[in-house]
Amino acid sequence: MPDISVVRTEKKYSISPYQQSTLLHRLEPVMNIDKHSGIGGYMVRSLYFDSIYDNDYFDKINGLEMRKKVRLRIYSPEQTTVKLELKQKQGSAQKKISLSITRELAEEMIQGNYEGLVELNSDLALMFYQILETGLYRPVCIVEYHRTAFAEESNDTRITLDSEIGMSPFCDSFFDRELNLIPVRKEPVLEVKYNRFLLSNIKQILDFADAPELAVSKYAMSRQVLGM
């Protein structure tokens with residue numbers, strides 16, 4: 001099954017609904033709508049795994065320079081394939097490794113059974129299996145939000161605006177059509193991802209927002225809703 005590895009600088013900012021609306025208006029003439037997005041944006045739903053001691057969560061909260069997250073990701077409850085992703089971060093540099101798996105295997109993983117990864121006969125799948133098994137990982141929460149995305153291919157730039165961020169602790173409902181979500185954050189989140197440098201015309205558009213950089217991820221914010 002295909003896999004993808006991407007290394008980029010990634011920064012997140014807290015913005016207001018007004019800033020979100022203004023950014024959408026200013027970015028549309030200079031950047032392409034991401035091929036997955038469409039004019040109205042799309043749903044993103046992720047299920048996060050963490051170790052028995054919640055190491056990944058506490059690494060983030062404690063500000064460790066090197067940290068990781070493991071998740072399943074879908075963009076529609078009807079999907080037959082699912083992304084299994086590992087995000088590794090060192091400072092502002094972030095590496096994302098993705099493996100496409102079947103819905104059936106994802107459902108097994110949600111039940112805590114990772115043996116199907118070994119049966120794929122893939123070095124990447126085996127890496128995921130070893131992380132999940134040796135760390136005694138288990139599903140911990142679902143995070144869902146609405147995303148509008150812009151892309152610039154010349155230096156692998158992606159600008160995303162995420163809103164309506166919510167979470168659910170009921171991981172078995174990952175493929176349900178509708179989730180009963182607990183609100184996580186009222187303000188939108190701006191994410192800026194690029195390779196090597198940010199193009200000057202895009203940087204000028206983003207500079208107007210003068211937004212504070214976010215130190216906490218959507219996953220960490222969702223765990224905090226549960227009193228972590």
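This report describes the overall build of a predicted protein model and then a few of its local features.

## Overall form

The protein chain contains 7 helices and 10 strands. Its radius of gyration is 17 Å, close to the 17 Å that the globule rule gives for 228 residues, so the chain is as compact as a globular protein of that length. Taken along the principal axes, the box filled by the C-alpha atoms is roughly 50 × 35 × 35 Å.

Contacts can be sorted by how far apart the two partners lie in sequence. Of the contacts in the protein chain between residues at least 6 apart in sequence, 72% join residues at least 24 apart.

## Surface and charge

Of the 228 residues in the protein chain, 51% are buried.

The protein chain carries 29 positive and 32 negative charges. The mean position of the positive charges and that of the negative charges are 6 Å apart.

## Helix 7

Helix 7 spans residues 218-225. Of its 8 residues, 6 are buried, so the helix is largely enclosed by the rest of the structure. The buried residues in helix 7 are Lys-218, Tyr-219, Ala-220, Met-221, Ser-222 and Arg-223.

Just after helix 7 comes Gly-227, which has a positive phi of about 90°.

## Asp-54

Asp-54 lies in the loop between strand 3 and helix 2. Strand 3 covers residues 42-50, and helix 2 covers residues 55-61. The phi of Asp-54 is near 55°, a positive value in a residue other than glycine.

The relative accessible area of Asp-54 is 8%. Buried means under 20% relative accessible area, so Asp-54 counts as buried.

## Glu-164

Glu-164 is also a residue other than glycine with a positive phi, near 55°. Glu-164 is part of strand 8, which runs over residues 157-168.

The relative accessibility of Glu-164 is 63%. The cut-off for exposed is over 50%, so Glu-164 counts as exposed. Set side by side, Asp-54 is a buried loop residue, whereas Glu-164 is an exposed residue in a strand.

How values were computed
Residues numbered from 1 in each chain as written. Predicted model: local features only at pLDDT ≥ 70, side-chain atom pairs only at ≥ 80, totals over all residues. Heavy atoms only, no water. Helix = DSSP H or I, 4+ residues; strand = E, 2+ residues; numbered from the N terminus. Rg over C-alpha atoms; globule rule 2.2 N^0.38 Å. Buried < 20%, exposed > 50% of the residue type's maximum accessible area, 1.4 Å probe, protein only. Contact = heavy atoms within 4.5 Å. Lys, Arg positive; Asp, Glu negative; His and termini not counted. Charge placed at Lys NZ, Arg CZ, Asp CG, Glu CD.
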